[in-house]
Amino acid sequence: MKCSLSILVTTTVLAVVGCSQSNTETDSIAPVDFAMEVRPLLETNCLACHHGEVSMGGLNLQYRDGAFAASDRGTSIVPGDPDSSLIYTMTAIRHGKQDEVMPADGVMLTEAQRKLLHRWIKEGAHWPTGEDGVLKPLTIQPGKA
Ligand code: HEC
């Protein structure tokens, strides 16, 4: 039996790809975009219970007027003051009252989503008038986070 030994020299080329896509600079400077960021957040997480026919707690987030309305509990959006805005404060558990946390179906917003709402309200809670400011409840289940 003949055994042959072959030495295979493998040359590995390491391609170092610079993938530093740190957008921290733009993140902290660019104002929150209602159409791209806030609107989808509300449509995905809140509209099911807070639109036209189903305005739970009297809150209709489908229209600008409804979203900024006040109730016995307080005001849902106070531009510039997230901590007085129910739309923000009610997304956190306060005083251990889990049953008051929005969304009311058990899936809490992520920290990133809460921060986005906070920033948006702080920046003046820009909500366009007209068609651009009319939100639509989702008719399909969101397939992605
Ligand atoms: C599964 C249904 C459901 C979802 C989803 C939901 N809510 Fe609610 N929401 C309710 C109900 C029910 C009430 C009334 C609670 C009460 O009055 O005790 C309410 C009340 C509120 C109120 C208080 C209204 C007032 O002035 O008294 C706010 C603000 C609110 N929701 C914000 C949100 C936000 C923001 C989201 C999304 C992040 C959300 N909700 C998602 C069911 C829901």
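**Group meeting: a predicted chain with a ligand**

In this predicted model, confidence in the protein chain is lowest in helix 1 (residues 24-29), at a mean of 56, and highest in helix 5, at 97. Confidence here is pLDDT, the predictor's own score for each residue, from 0 to 100. Over residues 3-23 the pLDDT is below 50, and beyond near neighbours in sequence this stretch has zero contacts in the model. Two residues are in contact if their C-beta atoms, placed from the backbone, lie within 7 Å. Where pLDDT is low, the predicted coordinates should not be read in detail. For the protein chain the mean pLDDT is 80, and 72% of the residues reach 70 or more.

Two points of bookkeeping. Residues are numbered from 1 along each chain as its sequence is written. Since this is a predicted model, local features need pLDDT of at least 70 and side-chain atom pairs count only at pLDDT 80 or more, while totals for chains, interfaces and linings use all residues.

Now the layout. The protein chain has five helices and two strands, and along the sequence the pattern reads α-α-β-β-α-α-α. Helices (H or I, at least four residues) and strands (E, at least two) are DSSP runs, numbered from the N terminus. Of the contacts with a separation of 6 or more, 53% join residues 24 or more positions apart. Of the 145 residues, 17% count as buried. A residue is buried if 20 or more other C-beta atoms lie within 10 Å of its own, exposed if 12 or fewer, and partly exposed in between, with C-beta atoms placed from the backbone.

Next, helix 2, residues 34-45. Which of its residues are buried? They are Val 38, Leu 42 and Asn 45. These cover an arc of only 95 degrees around the axis, which puts them on the same side of helix 2; the arc is that of the directions from the helix axis to the C-beta atoms. The face turned away from that buried side carries the exposed residues Ala 35 and Met 36. What covers the buried residues of helix 2 includes helix 5 (111-122).

Glu 37 also lies in helix 2, and counts as partly exposed because 16 C-beta neighbours lie inside 10 Å. Leaving aside neighbours within four places in sequence, Glu 37 is in contact with Val 32 and Leu 116. Glu 37 and Leu 116 are 79 residues apart along the chain, yet their C-alpha atoms are separated by 7.9 Å.

On to the core. In soluble globular proteins, nonpolar side chains tend to be buried together. A nonpolar core is a set of buried Ala, Val, Leu, Ile, Met, Phe, Trp, Tyr and Cys residues joined through C-beta atoms within 7 Å. The largest one here has 17 residues, and Leu 61 and Ile 121 touch the most other members. Helix 2, helix 4 (86-89) and helix 5 are the elements that give two or more residues to this core. Helix 5 gives the most, with three residues.

Leaving out residues up to four places away in sequence, Ile 121 touches Ile 77, Pro 79, Asp 81, Pro 82, Ser 85 and Tyr 88. Ile 77 sits in the loop between helix 3 (64-67) and helix 4. Is Ile 77 buried or exposed? Ile 77 counts as buried, because 22 C-beta neighbours lie inside 10 Å. With the close sequence neighbours again left out, up to four places away, its contacts include Ala 67, Phe 68 and Ala 125. Ile 77 and Ala 67 are 10 residues apart in sequence and 6.8 Å apart in space, C-alpha to C-alpha.

Gly 74 is in that loop between helix 3 and helix 4 too, but counts as partly exposed because it has 13 C-beta neighbours inside 10 Å. Gly 74 and Ser 84 are 10 residues apart in sequence, with 7.9 Å from C-alpha to C-alpha.

Two backbone details. The peptide bond from Met 102 to Pro 103 is cis, with omega near -5 degrees, and Pro 103 is found in the loop between helix 4 and helix 5. Ala 125, in the segment after helix 5, has a positive phi of about 50 degrees although it is not a glycine. Ala 125 is buried, with 24 other C-beta atoms within 10 Å.

Last, the ligand. Of the 21 residues around it, Cys 46, Cys 49, Gly 57, Ser 71 and Met 102 come nearest; a residue is near a molecule if its C-beta atom, placed from the backbone, lies within 6 Å of it. The shell divides into 12 nonpolar, seven polar and two charged residues. Here Ala, Val, Leu, Ile, Met, Phe, Trp, Tyr, Cys and Pro count as nonpolar, Asp, Glu, Lys and Arg as charged, and the others, Gly among them, as polar.
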